[in-house]
Amino acid sequence: MSTKEPTDNQTRRRPAGTHPLAYLGCVAALAIAGYLIDDPYIRHVLILCFLWSLVVAGWDMVLGYAGIFNYAQLVFFAAGAYAVGMLTTQAGVPPVAALIMAPVVVAGFGLLVALPCLRLKGEYVALFTFAIHLATPPLILKAKAWGTGGALGLYGIPPIEIAGITFGPRDTLAWYFLTLIVASATIYAVYFIVLRQRMGRAFMALRDSEDFARSLGVSDFRYKLLAFMVSAAVTGLAGALYANYTSVVTPKILGNEFFLLAMVMLAVGGIGKFPGAVAGAFIVTIANELLRSAGNTRLLLLGLVVVLTLLLLPNGIVSLRDRVLRLLPVRRSG
């Protein structure tokens, strides 16, 4: 079998439309903002933005670029959080070591989810993975004897220590820079390295036409497994950081609210169009905090935002610039 891989011209969309220097400029601006912001609550909201950016970046890779309808992404997030919780509180593993081990464990879990999915197509993958999402909370409750903590979850996850700095739950300044560094480096690796190399081109070729991709020698088995595992590792890292940051993990992280928030982030930002998903994570996280006083009406308002976005900008807010650019020549000719 030929090992020839598709080139950029054989895919319809590029993995990233933003120059790396622009991305690094945004990261530098956020780093400066971290020193200027004195309010711990604002830093906390931005920390959540960084963590959600990791979640949706992993989901965007498998859903937007590999074209796999995986709806078990938050299960990977929970797996990373529980991996850290169980390794530190049950097995006595040092927090930093647990933080490093968690993405590896979740990547292996992603492999187990991916294997049955490779025998399914399209909407059946969505149904299977969503069934995994629904089945996981009851399994966590039943696995209390294995150290999950049951309905109460795991409390008192010890803080990590790096270079003499203890990252306690209330030390938002240290967490701000830790999550900024981890999230920005991981997102850069996803969008500017992985998705621009052979692996990313194979993902997009399989998404656009599996038959055509296979005719070029792209192994759908290999690259779909890789898509699941890399995506799971990225999301598992976010879950591991979240567990360390909050020092607690419960089955509530697989509740409907978290799932809907992640879906809204992708819909608002734009799927498969960097920086759409990441921008969506910032917009929705901040909007969610601003609307928190609205109670249950908050989810209704976020749902309304999704409906309006899908009607006015079907490809997400990231397509707004393209729409404006398309209008400019018309105005000149008029």
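If we leave aside the neighbours within four places in sequence, Ser184 is in contact with Tyr23, Val27 and Thr179. Before I go on, please keep in mind that this is a predicted model.

So where does Ser184 sit? You'll find Ser184 in helix 6, which covers residues 172–193. Is Ser184 buried or exposed? Ser184 counts as buried because its relative accessibility is 12%, and the cut-off for buried is under 20%. The side chain of Ser184 also has a polar atom 2.6 Å from the backbone oxygen of Leu180. As a general point, an α-helix has 3.6 residues a turn, so residues three or four places apart point the same way.

Now to the largest pocket. It holds about 460 Å³ of space. Seventeen residues line this pocket, and Ala79, Tyr82, Phe109, Thr136 and Ile140 are the closest to its centre. Which helices supply at least two residues each of the lining? They are helix 3 (73–89), helix 4 (95–117) and helix 5 (123–142). Helix 3 gives the largest share of the lining, with six residues. What about the classes of residue in the lining of the largest pocket? There are 15 nonpolar residues and two polar ones, with no charged residues.

Asp211 counts as exposed because its relative accessibility is 57%, where the cut-off for exposed is over 50%. The side chain of Asp211 makes a polar contact with the side chain of Arg214, at 2.7 Å.

Last stop: helix 10. This helix takes in residues 256–269, 14 residues in total. From first C-alpha to last, helix 10 reaches 20 Å, close to the 20 Å expected at 1.5 Å a residue. Which residues of helix 10 are buried? They are Phe259, Leu261, Ala262, Val264, Met265, Leu266, Ala267, Val268 and Gly269. And what do the buried residues of helix 10 pack against? Their partners are helix 2 (40–65), helix 3, helix 5, helix 11 (276–290) and helix 12 (297–312).

Technical notes: Residues numbered from 1 in each chain as written. Predicted model: local features only at pLDDT ≥ 70, side-chain atom pairs only at ≥ 80, totals over all residues. Heavy atoms only, no water. Helix = DSSP H or I, 4+ residues; strand = E, 2+ residues; numbered from the N terminus. Buried < 20%, exposed > 50% of the residue type's maximum accessible area, 1.4 Å probe, protein only. Polar contact = N/O pair within 3.5 Å; in protein donor to acceptor, adjacent residues only side chain to side chain. Contact = heavy atoms within 4.5 Å. 1 Å grid on protein atoms, 1.4 Å probe; cavity = no way out; pocket = protein on both sides within 12 Å on 5 of 7 lines; lining within 4 Å. Points joined across faces, edges and corners; volume = space filled by probe spheres on them. Nonpolar A, V, L, I, M, F, W, Y, C, P; charged D, E, K, R; others polar. Expected span 1.5 Å × (residues − 1).
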